[in-house]
Amino acid sequence: MSQEEALEKYNAMLEQGQQQLEAEEYEEAAATFSEAITASGGASGPGYIGRATARKELKEYAKAQEDLKNFRQYNQSRDPAMLAAASNLSGEIYLEMGALGDALADFEEAVESDSNNPLYQFNLGKVYALAGAPDQGRKALDKWIEAGVDDPEKNAEAYRLRAQTYAQSGKFEDANADIQAALAIDDKDYEVYALQGMIAAIQEDWAAGAEAYRKAIENYEPEEDSDLPYVEGQLQRAAMLEEAAKESEDPEEQRRLFQEKLDESQRLLDALPDRPQLAAAKASALFSRGVAERQLGDLASAVGSFTEAIDLNPGLAQAYFRRGICFFHMGEERMAIDDFDKAASIDFATPHSALWKGRVYAQLGEYYEALKSYAQALAVSDRYTDAYVNRGLVYVQLGEYERAIADFNDAIRLQPTNGQHYYFRGVAYALQGKHDKAVKSLATAVDFDDQLAPAYLKLADELDAIGRSDVAADFRARGNELSNQVSQ
């Protein structure tokens, strides 16, 4: 065979391999490019890149990277375009493997070799966005979008990724504009709705977040050969329904939202395959269901859900904590204390378990144990207002009014506009017989909270005590009026 014939055959192999790549015949393409490499004596730059591309699609990542290493070794021409293509391909392989740092280095090299290639800018912008570098990511994605490439799939992804960079920078209006641009191209992309939900959550618009995640779940399609539901999306939606319920002041609306949370959690449980490796996901779903059951008043079912969650994930501190609250409301105080202790032993960085343990001891009349628990909570966080307030109330029960007042003062310093703290301090002053101080503290309480009926009534009593019965009558009337409104 003449040299000219050999070259013609070699070029035909490269063309055939490229056609097989375009037809997604990756096994055949890899074989064809292997023939081309052999025919070239192992020095075919296009052959190595072609075979690496086929192997990437076959998820034979190590072999693909070996091909790219050989390309760099044998590509004697040092063609910048081919070097850029090889770097970009290597970056795409690393990106699929989740190695963002390696991918970033390769994409930067590709852009440095050919900054006018929109695809390289897209890939660079993508990895920057995923790595949490919004400014660099947005700059590269701008170049892809401005290039006007006719690629709807990548255009939609570019808008979504740029929306993510805007959100990372706190530019939510720009982020939402890009989300709408992405949806105009593809309104079935669950990731766009998930990003919309995340942005709503950052802005604490829980109802909008729950609705966005509903659409994400509706449009979610599992990867090929996967039978998993959209676990993260369903858990996120359930969490946002809970936050929306807490924010609502309408009891019926709260109940509806908690029921939705329960239903979403149950749908996830029903969809999860029964496999050991999914134990953590199932535990999270059970925990979510338990929270909803508790809020709906079904304490027994909630205890059951939390117990199942603990069985699957014994390290789930929140399940012990929430089960402890259920036991407390069921009158099982010792069971509650045990659960709070267990929760604190797992998650010793949060003070909530110690606070609740203190509440249980206080209800049992074991005030010194309650004081120890509140001290434990404050040792974790000396800015935990509830611990100061609750410890102050215990000191009131023990007749240690100066200590109680000191704790209420700490609470006031942390939350100076909370009328209830002034009310509690006023009660402590009154019990000391310091009626003038009590009047001042109680008057401040109603200044900050004009709906605090007990403060009006106590203020009236203290005004009577200092001979101001003429003024006391008005405060007592207002206090009784507010009390009647609450009881109706």
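These notebook entries record what I looked up in a predicted model of a protein.

**Entry 1. Overall form**

I began with the secondary structure. The protein has 26 helices and 0 strands. I then took up the radius of gyration, which is 33 Å for the protein, whereas the globule rule gives 23 Å for 488 residues. The value is well over that of the rule, so I recorded the protein as more spread out than a compact globule. The box filled by the C-alpha atoms, taken along the principal axes, is roughly 120 × 45 × 40 Å.

Of its 488 residues, 46% count as buried. Among contacts with a separation of 6 or more, 47% are between residues 24 or more positions apart.

**Entry 2**

I turned to individual helix pairs. Two packed helices are described by the angle between their axes and the distance between the axes. I noted both quantities for each pair.

Helix α7 spans residues 118-130 and helix α8 spans residues 134-147. Their axes come within 7 Å and cross at roughly 150 degrees. Angles over 145 degrees count as roughly antiparallel, and α7 and α8 are therefore roughly antiparallel to each other. The crossing in which α7 passes α8 is left-handed.

I listed the residues in contact. On the α7 side they are Pro118, Leu119, Gln121, Phe122, Leu124, Gly125, Lys126, Tyr128 and Ala129. On the α8 side they are Gln136, Gly137, Ala140, Leu141, Lys143, Trp144 and Ala147. By class, the contact of α7 with α8 comprises 10 nonpolar, 4 polar and 2 charged residues.

**Entry 2. Val127 in α7**

I stayed with α7 and examined Val127, which has its place in this helix.

**Entry 3. Helices α16 and α17**

The next pair was helix α16, residues 299-312, and helix α17, residues 317-329. They pack at an angle of about 155 degrees, and their axes are 9 Å apart. α16 and α17 are therefore roughly antiparallel to each other. Their crossing is left-handed.

From α16, the contact involves Leu299, Ala302, Val303, Phe306, Thr307, Ala309 and Ile310. From α17, it involves Ala319, Tyr320, Arg322, Arg323, Cys326, Phe327 and His329.

**Entry 4. Helices α23 and α25**

I then examined helix α23, residues 419-432, with helix α25, residues 453-465. What is the angle at which their axes cross? It is roughly 25 degrees, and the axes come within 10 Å. Angles under 35 degrees count as roughly parallel, and α23 and α25 are therefore roughly parallel to each other. This crossing is left-handed.

Tyr423, Val427 and Ala430 of α23 meet Pro454, Ala455, Lys458 and Glu462 of α25. The contact of α23 with α25 divides into 5 nonpolar residues, no polar residues and 2 charged residues.

**Entry 5. Positive phi in two loops**

I looked up two backbone angles. Glu24 is not a glycine, yet it has a positive phi of about 60 degrees. Glu24 lies in the loop between α1 (3-22) and α2 (26-39). With a relative accessibility of 59%, Glu24 counts as exposed.

Lys59, likewise not a glycine, has a positive phi of about 65 degrees. I located Lys59 in the loop between α3 (45-57) and α4 (61-74). At 57% relative accessibility, Lys59 counts as exposed.

**Entry 6. Val471 in α26**

My last entry concerns Val471, which lies in helix α26, residues 469-487. Its relative accessibility is 23%, and Val471 therefore counts as partly exposed. I took the distance from Val471 to Ile49, C-alpha to C-alpha, and noted 91 Å. In sequence, Val471 and Ile49 are 422 residues apart.

Notes
Residues numbered from 1 in each chain as written. Predicted model: local features only at pLDDT ≥ 70, side-chain atom pairs only at ≥ 80, totals over all residues. Heavy atoms only, no water. Axes fitted to C-alpha atoms, helices over the stretch in contact; angles between N-to-C directions. Helix = DSSP H or I, 4+ residues; strand = E, 2+ residues; numbered from the N terminus. Parallel < 35°, antiparallel > 145°, perpendicular 65-115°, else oblique. Left-handed = near helix turned anticlockwise from the far one by under 90°. Contact = heavy atoms within 4.5 Å. Nonpolar A, V, L, I, M, F, W, Y, C, P; charged D, E, K, R; others polar. Rg over C-alpha atoms; globule rule 2.2 N^0.38 Å. Buried < 20%, exposed > 50% of the residue type's maximum accessible area, 1.4 Å probe, protein only.
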